[in-house]
Amino acid sequence: MGRESIEEGKLSNPLLVKNIDSESQVYGYGGRGENSGAGNEQQSGTFSSSATTMVVLSSLVAVSGSYVFGSAVGYSSPARSGVMDDLGLTVAEYSVFGSILTIGAMIGAVVSGRIADYIGRRGLMFSSSKVAWWAELGRLLVGCGMGLLSYVVPIYIAEITPKNLRGGFTTVHQFMICCGVSLTYLIGAFLNWRALALIGTVPCVIQILGLFFIPESPRWLAKIGQEKKCEDALQNLRGKNADISQEKSEIRDYTETLKRLSEASILDLFQRRYVYSLIVGVGLMVLQQFGGVNGIAFYASTIFISAGFSDSIGTLAMVAVQIPMTGLGVILMDKSGRRPLLLVSSTGTCLGCLLVGLSFLLQNLQQWKQVTPILALVGVLVFTGSFSLGMGGIPWVIMSEIFPINMKGSAGSLVTLVSWLGSWIVSYAFNFLMDWNSAGTFFMFSCVSGVTILFVAKLVPETKGRTLEEIQTSMNRFSEKR
């Protein structure tokens, strides 16, 4: 590694940038060259790219927090009538109650990256779970926990899983969020809002207990100089008999290169070498949120009632669509790739919002009165299913892949903050927008999804089947050329 390339911010290790045919070579996490030995070496490399029990356990413990995330997001819709009646809240006051969750999440997002760099990925998840456990202190604190978890869970999973499984495993984060939202909708149809809040503490306890049995991220351990612990954690994750020499070498070489660079600050993100990663990461989060997902998730029952449809039937239909479509996205993530799923997903959300907007427009014009409720339901279900397929989880997967480890703290905080700021704006303004013009609201969301299609087609890279080091190096080089 030449000194000049390091000073220019280029990570020039040939091991990290060599072209690997991921379709024909499924070896270790870091891949193996075509001259690698056959027999025992190849067999051990293949084994290290499989999902070991520890990888599965660690991922499940991590995504227990994702379920809490989802249940908190889904809480506003079924609890709306009970909270407003029992506490005597107006629409404006309930908008504050619903959106204050995202204010807490923004606070958590601001500090999440730095905390994760100092105390580790596992340590941050432990802190987040304890915040969420004290849910009676209010949705603000729950939101803080969500802000921390929304950063650390996808980062942790991306750093512990083999490259050929990373997309699918990271998307389980979104799947569990979806389960949290859906089951909260379902349970909220039968329980009051206080009981619903208490049930949300169960996965917090599961995560707190599970964190004692899983390893820390090997990449974070390497970053702080704990080489022996890094090796032990990597061996634990890949299996007792797995050959981890190739992956360990890549992590060590890449980390050594990054150590020669200055410690990253939030301002360093705006250097030219990181501009491509920043545009992709922030852009996807902005488009994800301003496509209207949290307006629909927070106030689904309000949408159905406004459209003249049964809110309970509509909510149950959403549950029936969300979970299988998210599961399908998890399965397809490492088969079809990130970009195709994003394009299909954003096309579907564009169509779904267009149908809902058309339903409200026809309702305002007093046309097709018997059809408009069905049209609204179909539109919401198309949006929900399409979002669950790709736009819900893939932006978080890509965010966890495109920034080098010396920038992940600052970048993760910024991207997560942008996501939650957008979420707050949409969730707070949604009720007012619906009062202003219901059709116009969904036509705006549809236009944002249209912009998303163009953004993905022109700017978002395909990261399927590549190591984190290869992805980050190629993106940095692209920025330098630009």
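I started with Cys178, which is buried at a relative accessible area of 3%. For burial I use these cut-offs: buried is under 20% relative accessible area, exposed is over 50%, and partly exposed lies in between, with a 1.4 Å probe and protein chains only.

Before going on, I noted that this is a predicted model, where local features need pLDDT of at least 70, side-chain atom pairs count only at pLDDT 80 or more, and totals for chains, interfaces and linings use all residues. Residues are numbered from 1 along each chain as its sequence is written, and side-chain values use heavy atoms, with hydrogens and water left out.

**Cysteines**

How many disulfides does a search of the whole structure find? I got zero, taking a disulfide as a pair of cysteine sulfur atoms within 2.5 Å. Cys178 is in no disulfide, and its nearest cysteine sulfur belongs to Cys179, 5.5 Å away. I checked Cys447 too: its closest cysteine sulfur is in Cys350, at 7.4 Å, which is too far for a bond. Cys447 counts as exposed, with 52% relative accessibility.

**Whole chain**

I counted 22 helices and zero strands in the chain. These are DSSP runs numbered from the N terminus, with helices being H or I of at least four residues and strands being E of at least two. Of the 482 residues in the chain, 59% are buried. I then looked at contacts, meaning heavy atoms within 4.5 Å. Among contacts in the chain with a separation of 6 or more, 82% join residues 24 or more positions apart.

**Helix 18 against helix 21**

Two packed helices are described by the angle between their axes and the distance between the axes, so I looked up both. The axes of helix 18 and helix 21 come within 8 Å and cross at roughly 160 degrees. That makes helix 18 roughly antiparallel to helix 21. For the axes, lines are fitted to C-alpha atoms, for helices over the stretch in contact, and angles run from 0 to 180 degrees between N-to-C directions. Under 35 degrees is roughly parallel, over 145 roughly antiparallel, 65 to 115 roughly perpendicular, and the rest oblique.

The crossing of helix 18 and helix 21 is left-handed. A left-handed crossing has the near helix turned anticlockwise from the far one by less than a right angle, and a right-handed one has it turned clockwise. I sorted the residues of this helix 18 and helix 21 contact into 17 nonpolar, nine polar and one charged. In that sorting Ala, Val, Leu, Ile, Met, Phe, Trp, Tyr, Cys and Pro are nonpolar, Asp, Glu, Lys and Arg are charged, and the others, Gly among them, are polar.

Thr349 is in helix 18 (residues 338-364) and is buried at 3% relative accessibility. Leaving aside neighbours within four places in sequence, Thr349 contacts Phe383, Ser386, Phe387 and Ser449. Phe443 sits in helix 21 and is partly exposed, at 26% relative accessibility. Not counting residues up to four places away, Phe443 touches Leu354, Gly357, Leu358 and Leu361. I also noted that Phe443 and Leu351 are 92 residues apart in sequence but 9.9 Å apart in space, C-alpha to C-alpha.

**Helix 20 against helix 21**

Helix 20 (residues 394-402) and helix 21 (residues 408-459) have axes that come within 10 Å and cross at roughly 160 degrees. Helix 20 and helix 21 are therefore roughly antiparallel. Here helix 20 passes helix 21 in a right-handed crossing. Which residues meet? I listed Trp396, Met399 and Ser400 from helix 20 with Lys408, Gly412, Val415, Thr416 and Ser419 from helix 21. These divide into three nonpolar, four polar and one charged.

Is Gln288 buried or exposed? It counts as buried, at 3% relative accessibility, and its place is in helix 14 (residues 275-290). Beyond neighbours within four places in sequence, Gln288 contacts Val293, Phe387, Met391, Gly392, Pro395, Trp396 and Ser419.

**Two last look-ups**

Gln366 has a phi near 60 degrees, a positive value in a residue other than glycine. Gln366 is in the loop between helix 18 and helix 19 (372-391) and is partly exposed at 48% relative accessibility. Ile305 lies in helix 16 (residues 300-306) and counts as exposed at 55%. From Ile305 to Pro373, 68 residues apart along the chain, the C-alpha separation is 9.1 Å.
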